[in-house]
Amino acid sequence: MKKEFLKRYLKATGLALKDLIRALLLTSVINFVILAIGLGIFKIKYFILIAFLIALVDLLPFLGSGIILLPWSVILFLMGNLRLSIGLAILFVLTFLVNQILRPIFMGKSVGLKPIFTILITGISMLIFSPGLGALVGSIISLMLGVFFEVKEAFDIENNHKDEKEIEA
């Protein structure tokens, strides 16, 4: 019985990892759109390419869009371009919020946890570890918990049906 549960758990975890990747890609696409619109408004040359590259870097848990947008914003501020500096800082905040709010919601729905629990787990992980590492650890913990509860529920239902059939016989 334990072996069967473990087998199902590992299979479901693999499927949930696909959903996690889907959530990462979906938030990356949303961030790309935000960045492309924002950089386009500020008339940045090659704004589509730059938005795409920042969205790719944003997929990396420890780096994120801040590794590009924040230094760029500071440099522009020091050069006296206050308008663009503030604009880039706002773009960073928007992409950060998308990652911290929407990603746990998308992931929570895909692994069977209520989004509020996924957000709480991710938030607590971010407080314990750091924003970058905590977001990654929180996602993995949420995924594992969601899959565990989902498989356990299915396993319990099957065992109850078997017990009922044995009682009837």
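**Exercise 1.** Which kind of contact do the side chains of Arg22 and Asp19 meet in?

*Solution.* Keep in mind as you work that this is a predicted model.

- Step 1: Start with the distance. From N to O, Arg22 and Asp19 come to 2.7 Å.
- Step 2: Compare this with the cut-off, which asks for a side-chain nitrogen of Lys or Arg within 4 Å of a carboxyl oxygen of Asp or Glu. The contact of Arg22 with Asp19 is a salt bridge.
- Step 3: Arg22 and Asp19 are 3 residues apart in helix H1, so about one helical turn separates them.
- Step 4: Look at the surroundings. Arg22 counts as exposed, at 53% relative accessibility, whereas Asp19, at 16%, counts as buried.

**Exercise 2.** Find how many salt bridges the structure holds, and describe the one that Glu4 forms.

*Solution.* 

- Step 1: The structure holds 2 salt bridges.
- Step 2: The partner of Glu4 is Arg8, and their closest N and O atoms are 3.4 Å apart.
- Step 3: Glu4 and Arg8 both belong to helix H1, which covers residues 2-41. Because they are 4 residues apart in this helix, about one helical turn lies between them.
- Step 4: Glu4 is partly exposed, at 36% relative accessibility, and Arg8 is partly exposed too, at 26%.

**Exercise 3.** Now turn to the rings: work out how Phe32 and Phe52 are arranged, and which parts of the chain they link.

*Solution.* 

- Step 1: Searching the whole structure gives 5 aromatic pairs.
- Step 2: One of them joins Phe32 and Phe52, with 6.5 Å from centre to centre and 80° between the planes.
- Step 3: Phe32 is partly exposed, its relative accessible area being 23%. Phe52 counts as partly exposed as well, at 43%.

**Exercise 4.** Decide whether the rings of Phe148 and Phe149 are stacked or edge-to-face, and name the cluster they belong to.

*Solution.* 

- Step 1: The ring centres of Phe148 and Phe149 lie 5.6 Å apart and the planes stand at 70°, so this pair is edge-to-face.
- Step 2: Phe148 has a relative accessible area of 31% and is partly exposed; Phe149, at 46%, is partly exposed.

Key:
Residues numbered from 1 in each chain as written. Heavy atoms only, no water. Helix = DSSP H or I, 4+ residues; strand = E, 2+ residues; numbered from the N terminus. Buried < 20%, exposed > 50% of the residue type's maximum accessible area, 1.4 Å probe, protein only. Phe/Tyr/Trp six-rings, centres within 6.5 Å; stacked < 30°, edge-to-face > 60°.
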